[in-house]
Amino acid sequence: MNREKAMVLLKKYNKNEALIKHALFVEGAMKYFADRKNHDSQYWGIVGLLHDIDYELYPEEHCKKSEEILKKEGVSEDLIHAVISHGWKICSDVEPKLEMEKVLYTIDELTGLIYAASLMRPDKDINNMEVKSVKKKFKSKGFAAGVNRDIILEGCKMINMEINEVIEWTIEGMKLVDTEER
Ligand SMILES: [Fe+2]
Ligand SMILES: [Fe+2]
């Protein structure tokens, strides 16, 4: 699996632009965390790209269908495990075990919060997003209410990082996404 193949796969099952954008942001964050933690950023990025592959077609069977789809597409067991584990306690009972899986678990929802926060800015630009304004939105329960803060905090514990640093790295990762595609 390389990035090109992952993109083809993603677009085979996802036509919704918002979902593709989400996949790209999660890819960016995963790549950034992998780099900072000296892991394989290409691989971590691919996991990010594919993590919600079933969501558009099977929102009610999220994660379960991903396993089926990815198996059918000949994707490796490791990658499938990583994808499914992001839904731990929500839509799967597969626990994140690897560092990569724990990072995905932590940053998935957070990218959504940061993206929503960036849209509140006059310039709507993630490049100028600051940790403290994201933190404020994080604490304001009414903002992007669908974003589960408890999961993010639990993830921070799993990866032994402070929330502020996780927010900072996630913003940096999201900046890696091509401006045309954001
Ligand atoms: Fe998901
Ligand atoms: Fe996601």
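Trainee: What should I know before I start reading residue numbers and values?

Mentor: Residues are numbered from 1 along each chain as its sequence is written, while chains are lettered from A and ligands numbered from 1 in the order in which they are written. Because this is a predicted model, local features need pLDDT of at least 70 and side-chain atom pairs count only at pLDDT 80 or more, totals for chains, interfaces and linings use all residues, and side-chain values use heavy atoms, with hydrogens and water left out.

Trainee: How many helices and strands are there in the chain?

Mentor: Helices (H or I, at least four residues) and strands (E, at least two) are DSSP runs, numbered from the N terminus. Along the sequence the pattern reads α-α-α-α-α-α-α-α-α. The count is nine helices and zero strands.

Trainee: Why is the chain described as being as compact as a globular protein of that length?

Mentor: The radius of gyration is taken over C-alpha atoms, and the globule rule is 2.2 Å times the number of residues to the power 0.38. For 182 residues that rule gives 16 Å, and the chain is close to this value, so it is as compact as a globular protein of that length, with a radius of gyration of 15 Å.

Trainee: What percentage of the residues in the chain is buried?

Mentor: Buried means under 20% relative accessible area, exposed over 50%, and partly exposed in between (1.4 Å probe, protein chains only). Of the 182 residues in the chain, the buried ones make up 49%.

Trainee: Which residues are the protein donors of the iron ion (ligand 1)?

Mentor: Donors are N, O and S atoms within 2.8 Å of the metal (3.2 Å for Na, K and Ca), and water is not among the atoms, so sites may look incomplete. In sequence the donor residues are spaced D-x9-H-x23-H. Lying 2.1 to 2.2 Å from the iron ion (ligand 1), they are Asp-52 (OD), His-62 (NE2) and His-86 (NE2).

Trainee: How many residues apart in sequence are the parts that the pair His-62 and His-86 ties together?

Mentor: His-62 sits in the loop between helix H3 (41–50) and helix H4 (64–72). His-86 sits in the loop between helix H5 (77–85) and helix H6 (99–120), so the pair ties together parts whose separation in sequence is 24 residues.

Trainee: Which residue bridges the iron ion (ligand 1) and the iron ion (ligand 2)?

Mentor: The two iron ions lie 3.8 Å apart. The residue that bridges them is Asp-52.

Trainee: Is Ile-171 buried or exposed?

Mentor: Ile-171 is found in helix H9 (residues 163–175). Contact means heavy atoms within 4.5 Å, and beyond its neighbours within four places in sequence, the contacts of Ile-171 include Ile-114, Met-129 and Val-134. At 2% relative accessibility, Ile-171 counts as buried.

Trainee: Which helices do the buried residues of H5 pack against?

Mentor: The buried residues of H5 are Leu-79, Ile-80, Ala-82, Val-83, Ile-84 and Ser-85. They pack against H3, H4 and H6.

Trainee: What is the phi of Asn-38 near?

Mentor: Most residues other than glycine have a negative phi. Asn-38 is found in the loop between helix H2 (17–36) and H3, and at 72% relative accessibility it counts as exposed. Its phi is positive in a residue other than glycine, near 55°.
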